Amino acid sequence: MMNRENMSDPRDDVVLEMRGLRIEGQNDAGWVEIVKGIDLTLKRGEVLGLIGESGAGKSTIGLAALGYARPGCRISGGVSLFDGADLNVLSEDELRRLRGVRIAYVAQSAAASFNPAHRIIDQFVEVATLHGACDAATARQEAVALYRKLRLPDPETIGDRFPHQVSGGQLQRAMVAMAMACRPDLIVFDEPTTALDVTTQIEVLAAIKDVVRDFNTAAIYITHDLAVVAQLADRIMVLRYGELVEEGETRRVLERPNAAYTRELLASGAARRVGSHVGRAILEIGDVSAAYGASKVLHDVSLSVAEGTTVAIVGESGSGKSTLARVVTGLLPCTGGTVRFDGEELKPTLRERSSVLRRRIQLVHQTPDTSLNPRQRVDEILGRPLTFFHGMTGAARKERMVELLDQIELGEAFLQRYPGELSGGQKQRLCIARALAAEPDLIICDEVTSALDQLVARGILKLLMRLQEELRVSYLFITHDIATVRAIADEVVVMHQGRVVEQGPKEEIFVPPHHAYTELLLASVPQMDPDWLDTIRQTRMAPAQS
Amino acid sequence: MGNILTLVLKRLALGVFVLWIVSLIIFLGVSMLPGDVATEILGRSALPETVAAFRRELGLDLPLHVRYLDWLSGLLSGDLGNSLANGRAISELMGERLGNTVFLAAVAACVAVPVSLMLGLLTALYRGSLFDRLTNLVTLTWMSFPEFFVAYILIMFLSVQLGWFPSLSTMRPGNGFGEALHLAALPALTLTLVVAAHMMRMTRAAIISVLASPYIEMARLKGATRYSLIVRHALPNALAPIINVVAVDLAYLIVGVVVVEVVFVYPGLGQLMVDSVQRRDVPVVQACSLIFAATYVMLNLIADILSILTNPRLLYPR
């Protein structure tokens, strides 16, 4: 009953056709075009990958496929034909009758997009009953069937939980199930795996691939990760600044990209460092344990960071990486073990540490948006540590600030700006400059590139490497991204559930034989090869069947 | 559910502590006022000997701390004491007054809460429309006037010119419900106008802030109707702030009525408290303030419990 018959003419295989789509966004200056005339055709059962950095307009185009423009945006031109009707001129009520039934949407963060006040299955049932597709009891059975198909654990009961009681990867699959509720003709996937760990990402990708193929649903898959889109898409459109850069069959685009920009995207993550000389240890962590209340999150972690080198800590979320950073910085007192810095044992809490020690260890956070005070100008942000740690004032301070801005490849002109006027990459550079202002010996980088686009992230990594060569500063680099580790680490520490499972020089860690968990982590990183997902699933199924 | 029980117990204990502090402050505050019940009753011209004798009779010659401990021990054994001014038991004196005040508050709440929640929802739903702007303007205007001014305006139009309601709300024990309602209409309307604006604006703000969440966008993209968007998706997530505002305003209806009661000569607790302060009748003032403080504590506790019950994240921890 929920199986919709194909309403359009069976000979006409095109599900969605956009011609000259233009979308404008509002800023202080007025309306600015953010999508500049995009043509797009999608056939039944076809998966189209939209790829580009943030600001490329890919999400905006995806939402326009549902006839929706975010507040502050408006569709200003072109036609979007779906089943013979132009989505750009349909009334809100007519659009409402298409949304959820014939065109569905899977959002980037399932955790934010599920209503926290309702049970997961109720939100599924809502879609089905809202449009009169079926009654609630049938919809429930349907939900359970889809949960099972998407390989969610406990499909019978998982829907009775609230969104906060389910993990991110499971929630993302529940959202795919919800999108499938009415068997739509078209699903828009808006970066559905960007917020997930590599190990979880595989499961979600595989689930999406299966349902899209089995139900012959057309899909628009939006992502900034070429390797991800390579697994799913039949065709790829590369976008930049709201314009089409290149379009073609997936394999062709990956193997023989025409546009220079596509080649640049393909090459990102290729920045590699060459080995450096190992000096004395600046940071030594010995058998450190830590806990939040009663739950122990770090178990006897030991590692050391040599002067002027980079130690990368890898692991999925929940592995205790960030907790270790909190222990080293003194934000969280450890419950056992010792942390020695430059031969001196560090007191567990920040309060007991001298200001010299605090100066010598600096932290750069994951999200520059929240770690910079939006009400302070750049000169205040940079001036504060200079005055506080080095007693600088007046002209000397100004000179030093300009020098710092030059180091992070921003100019003096930025001194008077507020963080809100900077791009994501510029903000993160500013955070690095703020850390540098203290003249530290060790900088702890907590996922500093994971909120950034690939090209911007590569710029940040290059900057960090250059600064290390010039200043001999050491990095404790926390990340879940293997490509980043390959690019910048000297030593690698693999963490899993609060324990170190493997550690050593990068060359050794990345060369087999690996520890089982490292193997899993490495193998989960999507490769550009379009057959990668199928291959890895076969190899993972094989031992289970034998 | 265990965490709710601990919360209730903790808050009740804290509430008792608050009441004790309140009683201490009120006691000290009233005794710092010039004069006492003896001088107030006997007048300025009374002979010093008469005043001294009267004081001895009432126990006012005892030191401050002895009088306070006396009162406290009486309270702990369930005795609120007697009025200094007329010797009647305070429990008896207050019973009827408390009933009147609660009646007035209830009438005002029955009108104010549903109306302001509805208006809040509707203005959020049609944000930016003429209806929204007009409602905001009118409620904001009412809110900005002092309540005695609102009261006199209502008396002027509804009582003096139209003659629909009495300007003096002299409640008597024998009044029937309809009659009581008629008498309490104007003070209730005044209170409604004063608190409704606050509740409506907070409801509107809470709903609007929730409307910016990704799950609301998701609901729109699922094809949810406007009604379902507000009532099913936004309202449950905006309940906590709304409940808290309603609790504060309900408490205000009990506690903040002093001025309104005085204007309409309504025989409620507020009126009694004002009179008693004038007469320096400390035990009565004490009892009134304790009831007011207890109202605040209880309503806030109820609001907190409701906030937990309506939030699955608190009700069902991971």
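1. A word on conventions. Residues are numbered from 1 along each chain as its sequence is written, and chains are lettered from A, with ligands numbered from 1, in the order in which they are written. Since the model is predicted, local features need pLDDT of at least 70 and side-chain atom pairs count only at pLDDT 80 or more, while totals for chains, interfaces and linings use all residues.

2. Chain B as a whole. You will find 14 helices and 0 strands here; helices (H or I, at least four residues) and strands (E, at least two) are DSSP runs, numbered from the N terminus. The C-alpha atoms of chain B fill a box of roughly 85 × 60 × 35 Å along the principal axes. Of the 318 residues in chain B, 36% are buried, where buried means 20 or more other C-beta atoms within 10 Å of the residue's own, with C-beta atoms placed from the backbone. Among contacts in chain B with a separation of 6 or more, 73% join residues 24 or more positions apart; a contact means C-beta atoms, placed from the backbone, within 7 Å.

3. A helix pair in chain B. Helix α6(B) (residues 130–144) packs on helix α8(B) (residues 177–211) at an angle of about 130°, with the axes 8 Å apart. Axes are lines fitted to C-alpha atoms, for helices over the stretch in contact, and angles run from 0 to 180 degrees between N-to-C directions. That angle makes α6(B) oblique to α8(B), because angles under 35 degrees count as roughly parallel, over 145 as roughly antiparallel, 65 to 115 as roughly perpendicular and the rest as oblique. From α6(B), T139(B), L140(B), W142(B) and M143(B) meet a set in α8(B) that includes L193(B), A196(B) and R201(B). The residues of this contact divide into 7 nonpolar, 2 polar and 1 charged. Here Ala, Val, Leu, Ile, Met, Phe, Trp, Tyr, Cys and Pro count as nonpolar, Asp, Glu, Lys and Arg as charged, and the others, Gly among them, as polar.

4. The sheet in chain A. Six strands form an open sheet: 6 strands in the order β6-β7-β8-β3-β9-β10, with mixed pairing. The edge strands are β6(A) and β10(A) (243–249), each pairing on one side only; strands pair if DSSP finds at least two bridges between them. The twist averages 15° from one strand to the next. Inside the sheet, β3(A) (residues 47–51) and β9(A) (residues 235–240) pair in the parallel sense over 4 bridges, and G49(A) stands opposite I236(A) in β9(A).

5. Helix α4(A). This helix is mostly covered, with 9 of its 11 residues buried; among them are I120(A), F124(A), V127(A) and L130(A). The cover over the buried residues includes α5 (136–149) and α6 (168–180) of chain A. Just after α4(A), G132(A) takes a positive phi of about 65°.

6. Where the chains meet. The contact takes 22 residues from chain A and 16 residues from chain B. On the side of chain A that touches chain B, α2 (92–98), α3 and α4 (120–130) each supply at least two residues. That side divides into 12 nonpolar, 7 polar and 3 charged residues.

7. Helix α9(B) and its cover. Which residues of α9(B) (residues 214–221) are buried? They are Y215(B), M218(B), A219(B), R220(B) and L221(B). Their cover includes β6 (103–106) and α3 (110–113) of chain A together with α10 (226–255) of chain B. Just after α9(B), G223(B) takes a positive phi of about 90°.

Definitions and conventions. A residue is buried if 20 or more other C-beta atoms lie within 10 Å of its own, exposed if 12 or fewer, and partly exposed in between; C-beta atoms are placed from the backbone. Two residues are in contact if their C-beta atoms, placed from the backbone, lie within 7 Å.
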